[in-house]
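Colleague: I am new to this structure and would like a close look at one part of it, the cavities. Could you walk me through what lines them?

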Amino acid sequence: MELVTPGIGLLFWMAISFTIVFLILKKFAWKPIINALKDREDSITEALNSAQKARKDVEGLKADNEKIIAEARREKDLILKEARDIKEKIVAEAKTQANAETQKSIETARLIIQNEKTAAINEIKQQVAELSVSIAEKVLQKELKDKKEQEALVDNLLKDVKLQ
Amino acid sequence: MRKIFRIVFALLLLFSVQNTFAEENHEPAHAASNEKFNAGNFIFDHISDSHYWHIITWKGKDVALPLPVILYSSNSGLSVFMSGKFHHGHSDYKNFRLMFEGENKGKIIELGTDGHALESLPLDLSITKNVVAIFFSLAIMLWVFLSVAKAYVRRKGQAPTGLQNFIEPVIVFIRDEVARPSIGEKKYERYLPYLLMVFFFILLNNLLGLVPIIPGGANVTGNITITLFLALCTFLITNISAGKDYWKHIINTPGVPWWLKIPLPIMPFVEFLGVLTKPFALMIRLFANITAGHIIALAFFSLIFFFAEMNVAVSYGVSVVTLAFTIFMTCLELLVAFVQAFVFTLLSAVFIGMAIEEHHAAEHH
């Protein structure tokens with residue numbers, strides 16, 4: 001029976017020593033150990049998370065870079081195309097302008113020629129008139145002498161008259 | 001298992017000292033009047049508490065460490081002296097006598113002026129073998145855990161080293177496999193120090209109980225007083241921290257026909273009985289497991305002595321077998337030491353978890 005009969009003395013010492021040691025360990029061992037373990041686990045979790053985040057960030061950056069490069073390429077193409085367009089336009093414009101200019105000079109030349117021609121014709125006309133008048137005068141002066149002579153004279157005169 | 005050294009040594013000496021054994025041994029516990037080996041006494045002496053710390057039996061004489069005796073009685077007041085004064089029960093000291101036989105075996109009785117034992121025993125607050133073993137194990141715990149805690153503070157956030165490596169997985173195991181799932185994420189931290197304390201105390205004392213030489217070998221966790229105290233702690237913590245739902249569940253158990261509650265409160269009575277049986281089971285389980293292990297191992301050893309009394313040669317042969325058995329038992333006890341510490345802690349956590357659980361308790365059962 002003694003085996004299953006609790007002893008007062010043992011219970012007394014057990015209660016006192018166990019409680020004291022428990023309180024000491026609770027304050028100076030269990031709590032610091034539990035907290036330290038928790039802190040360390042938290043910091044490890046945090047480190048892992050931040051590493052993962054960094055990796056994701058880097059991947060994001062890479063994707064961004066590619067996007068930027070693609071954008072730049074597209075822009076370059078656009079700019080080149082625009083430049084080509086502008087060049088073509090300028091060339092075309094220059095051509096048109098040159099044509100117009102040529103046309104204009106030709107027109108002017110033709111106008112001048114026309115004017116000269118008109119002036120020359122007018123002058124010829126005047127000279128013809130003057131000659132006609134002088135011929136007429138001379139014809140009139142010799143009118144009475146001989147018909148033959150007259151005719152010779154007209155022929156002579158006409159010989160002299162040449163269209164300039 | 002405990003005292004293996006002593007027993008092996010005794011085994012070697014047994015035959016050379018067989019004759020002197022009976023002559024010189026006056027210790028009543030070892031059958032002074034009868035040289036026949038008494039296995040019951042032998043085993044019983046090893047698993048019970050004592051006022052001496054027995055080290056070895058040398059040529060039939062017991063070599064033991066005397067321990068302080070602290071007695072209080074209304075007749076003679078407080079008395080403090082070393083148990084060596086009793087000379088292993090050969091003499092009385094003042095008016096006290098250490099009994100080695102009879103009803104009060106192992107206890108100190110007080111003698112009246114006429115030399116007869118008084119009816120009431122004096123209050124015995126002696127530093128017995130188990131008390132010393134408790135002090136020793138608690139000192140080890142203080143040393144180990146304070147230094148480990150210091151290491152945690154010193155090496156904040158760094159990987160554990162040395163003793164930390166040894167302790168940390170156990171603490172993490174208790175936290176993640178015992179406290180967290182049983183008590184719940186929200187409140188487990190409050191009870192974790194107690195669970196750790198109980199686990200390490202039981203484990204350390206279970207292991208020390210397997211060490212056959214001083215300062216190990218005391219049957220601390222196989223002592224009903226110790227398991228009673230530990231179970232009482234769990235009982236108090238469970239019921240003090242119990243929530244409203246816990247008591248409601250006991251008084252008005254849901255899901256049970258009303259006639260089991262009114263007019264005769266059968267269910268509340270059964271539930272209340274459950275409150276008491278849980279810690280009681282804790283107490284008995286640890287006590288029985290550890291004590292049984294010790295008894296079996298010692299019983300194997302006793303076989304050697306039995307056969308020695310019959311025939312020396314047979315005893316030699318048997319001793320080989322029993323040693324093998326005892327080694328096997330010790331290995332088994334090593335496993336039991338861990339399992340029982342774990343079971344006690346786990347069940348304590350489960351009981352606390354059940355007590356503080358909210359709402360869920362009402363839905364089950």
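**The cavities and their linings**

Modeller: Happy to! By class, the second largest cavity is lined by six nonpolar residues, four polar ones and no charged ones. Please keep in mind that this is a predicted model. The residues around this second largest cavity are B:A133, B:F136, B:N205, B:L208, B:G209, B:P215, B:G216, B:G217, B:A218 and B:V220. Two elements of chain B, α3 (129-154) and α5 (188-210), each give two or more residues to that lining. Of the elements, α5(B) gives the most, with three residues. The space inside the second largest cavity comes to about 30 Å³.

Let us step back to the whole structure: a search of it finds two cavities of 30 Å³ or more. The largest cavity has a volume of about 70 Å³. Around the largest cavity you will find B:T234, B:F235, B:T238, B:N239, B:Y246, B:V275, B:K278, B:P279 and B:F351. Here the elements that give two or more residues are α6 (224-240) and α8 (266-310), again of chain B. The largest share of this lining, four residues, comes from α6(B). By class, the lining of the largest cavity has five nonpolar, three polar and one charged residues.

Notes:
Residues numbered from 1 in each chain as written. Chains lettered and ligands numbered in written order. Predicted model: local features only at pLDDT ≥ 70, side-chain atom pairs only at ≥ 80, totals over all residues. Heavy atoms only, no water. 1 Å grid on protein atoms, 1.4 Å probe; cavity = no way out; pocket = protein on both sides within 12 Å on 5 of 7 lines; lining within 4 Å. Points joined across faces, edges and corners; volume = space filled by probe spheres on them. Nonpolar A, V, L, I, M, F, W, Y, C, P; charged D, E, K, R; others polar.
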